[in-house]
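Hi everyone, thanks for coming. I'd like to walk you through one model this morning, so please have the viewer open.

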Amino acid sequence: MIDEHDLPLELSPFDAVEAAYPAELASAAESLGRRLPVLVECDKELVPFFYKCLRDTLKTRGLGCIYLDGRPKTEQESARGGGLVATMIQQLRDAVRGPVGERVVVLPHLDLLTASSGGGLSAEAREVIPLLYENPSVLWLGFKDPSFPLPPVIARLFPRHLSILGIRRERLAALVTQREARKLGRGLDVYALYKQVSGVNAVRLRRVLSGLEGEDYPSDPSAVQAQLRACTLGGKLSLPNVDLQRDIGGYPQVKERIEREILDLLHHKDGLSDPRAIAKVEALLPRGLVFWGPPGTGKTLFAKAIASALGAAVQVVSGPELKSRWVGESEENLRQLFVEARQSAPAIIIFDEIDAFASARGTYVGSGVEHSMVNQLLTEMDGFRSDELVFVVGTTNFVESLDPALLRPGRFELQLCIPYPDASDRRAILEIVGQGLDLSLSDAALDHAVKVTAGVVEGAVDGVRYSGDHLDALCRQIARHRLREGRDGPSEIADVDRALEAYLERPRLTAAEERVVATHEAGHAICALHCEHAPPIERVSIRGDLGALGYVRYAQHVHRYVVTRQQLRDTICVLFGGREAEALLLDDLSAGAAQDIERATAIARALVEELGMAGLQPRRYDGEMADGTRAAIDTAISEVLAEEQARARALVEAHRPSLVALRDRLLADKVLDATSLAAMRAGEVATDG
């Protein structure tokens, strides 16, 4: 904390520039004194003030300046007309070809004179470049805005480059007056203020601070801080409002790691006052994070939650949209992103689909611009000041494809997987979204929604499972139904099912076809119910869900990581259950068992060839083997399949009444859940007793 009486009473913009950038002013003056041209990169609004302060220093060293800003300085120039750029070019021509002497020629708008157009040089740039190199005795002082790139041929003219972006923390106390400090509370907390204004240049900071409104010594300075943040936000950045705990359901491990690795460190830093201790904490912060996982799992949402916790601005940019057909423009797009983020710090840049341009170098199949973009990204990240609160987040579905150089410490050193949500995650997501939409999901409806979203999405391709986005869409569909019907009561199981089925196109089976499918799925279910090592059944359906005419969906096995021989053999038995049920109850066999036989054969082959669990001596079998060995393997596989097929046949025959009852129940209800199956099983046990 700094006592307000230690702060200045008044500050002009020139005073602020001298207080904020003493090292930069001294460096520029020293270089020009040694007759080295200087290029200053800074915001346009800073240029006249920085120049005036530098000019005063140069005068003491006997160096005069000529300022070529395009304003007519003589009646002849006024009569000539031609516009601002044309006047600047003529002034430049006169300065180069006239007596230069011991003067510094100042180009406050060098970027406007030499801006590129469509990947090439503009007409003005082609005229200006020869002039800049025409007279070697000219001592140049050029200014460019960070938003404008310079052609390399111009940049090489200046052996001394200065970049002024924002202000350094140690200079901030000299830029706040006593009146302004009173608006921020009692005592100036430099570190708290710096989080709001670190990317703002000194001239703009003075304008922002002088316009602060509110009472002196507020008990809660958040309103004033909000004023500051609104004035320092630029470009396409926005302030998100996503609470990590309140607005994101589930994923406790991901949240815990975010808090431990980032948020806790920042909160610890906020409680420190020793600059050396603060610098040590800042050195520990990861500047880059990668969130990877399937689509729709909330990777961008987690990044916005981090930004909200930091009070940081966010810009979300898609990897493909950064690419340009013009040479160098893709890299310039990246550079400009970082300029805007640093000017609005604290800020987070979110690269959605970062793998679109940051794949491992050497794997590109396009123009190769990706290689330059990766290099530019690495350069920008390596150029962060330690006290700058600018973070970079990349999201990707294919983390293995990213360039290894991005993932090393100091860059994207923190990688977090956001997988498909498990049961507890789905419950938490449904509760949060349902509460926001006022769905009033009953306990039974919530339990049902968690269960029916455990597998792949009905109607989706490539086995896409339910993600957070799917659950959000499910809740919104329920909300639309309730709105159309004008309902205010709780949402029940029927509402969940109706929302899931709203736009599904299922096959329309004839009665005979439906009977075959029901028989087949009942056979699978009966074998699963009576195989000790088969996983529990969650759902049996013949509605044409999930791209299949019927299916049996199983719960996650108790033993998730250790698979035993009996589990594998029970799986083969269950796979044969559908075919054997058809053989027992129908006059014919359908082709529906084709995939079952394929899977059963693959498991049997693994038991024999890879796992040494059936028939033959355990050993490694490769592609080159004797005919006798191959025949022995085929015999062992056939024996496994025959044994499990016979076991499946025995099970469906022994439990034929239950098989028929289950088939008939499926024909009537189309879908049976675990509760219905448990009731049927209890009735069967009671009957047997």
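**Backbone, cores and a pocket**

Let's start with tyrosine 251, which counts as buried at 4% relative accessibility; buried means under 20% relative accessible area, exposed over 50%, and partly exposed in between, with a 1.4 Å probe and protein chains only. Before I go on, a word on ground rules: this is a predicted model, where local features need pLDDT of at least 70, side-chain atom pairs count only at pLDDT 80 or more, and totals for chains, interfaces and linings use all residues. Residues are numbered from 1 along each chain as its sequence is written, and side-chain values use heavy atoms, with hydrogens and water left out.

Back to tyrosine 251: it has a positive phi of about 55° although it is not a glycine. You'll find tyrosine 251 in the loop between α12 (222-232) and α13 (252-270). Helices (H or I, at least four residues) and strands (E, at least two) are DSSP runs, numbered from the N terminus.

Arginine 35 is another non-glycine with a positive phi, about 60°. Arginine 35 sits in the loop between α2 (22-33) and β1 (38-41), and is partly exposed, with a relative accessible area of 37%. For the peptide bonds, look at alanine 345 to proline 346, which is cis with omega near 5°. Proline 346 lies in the loop between α16 (329-343) and β10 (347-352). As background, most residues other than glycine have a negative phi, and most peptide bonds are trans.

Which residues touch the most other members of the largest nonpolar core? Of its 51 residues, they are Tyr21, Val40, Phe50, Leu54, Leu141, Phe143 and Ile167. A nonpolar core here is a set of buried Ala, Val, Leu, Ile, Met, Phe, Trp, Tyr and Cys residues joined through side-chain atoms within 4.5 Å. Helix α3 (residues 47-60) gives the most to this core, with 7 residues. A second, separate core has 46 residues, including Leu416, Tyr466, Leu471 and Val496.

Valine 176 is buried too, with a relative accessible area of 0%, and its place is in the loop between β7 (160-163) and α9 (178-183). Its C-alpha atom is separated by 7.1 Å from that of proline 8, 168 residues apart along the chain. Beyond its neighbours within four places in sequence, valine 176 is in contact (heavy atoms within 4.5 Å) with several residues, among them Leu7, Pro8, Leu188 and Leu209.

Next, arginine 553 in strand β14 (residues 551-554).

Finally, the largest pocket, with about 990 Å³ of space. A pocket is an open set of points on a 1 Å grid over the protein atoms alone, where a 1.4 Å probe fits, with protein on both sides within 12 Å along at least five of seven lines; lining residues have an atom within 4 Å of a point. Grid points are joined across faces, edges and corners, and the volume is the space filled by probe spheres set on them. There are 35 lining residues, and His524, Val552, Leu575, Asp596 and Arg599 lie nearest the centre. Among the elements giving two or more residues to this lining are β14 and α24 (594-610), while α23 gives the most, with 7 residues.
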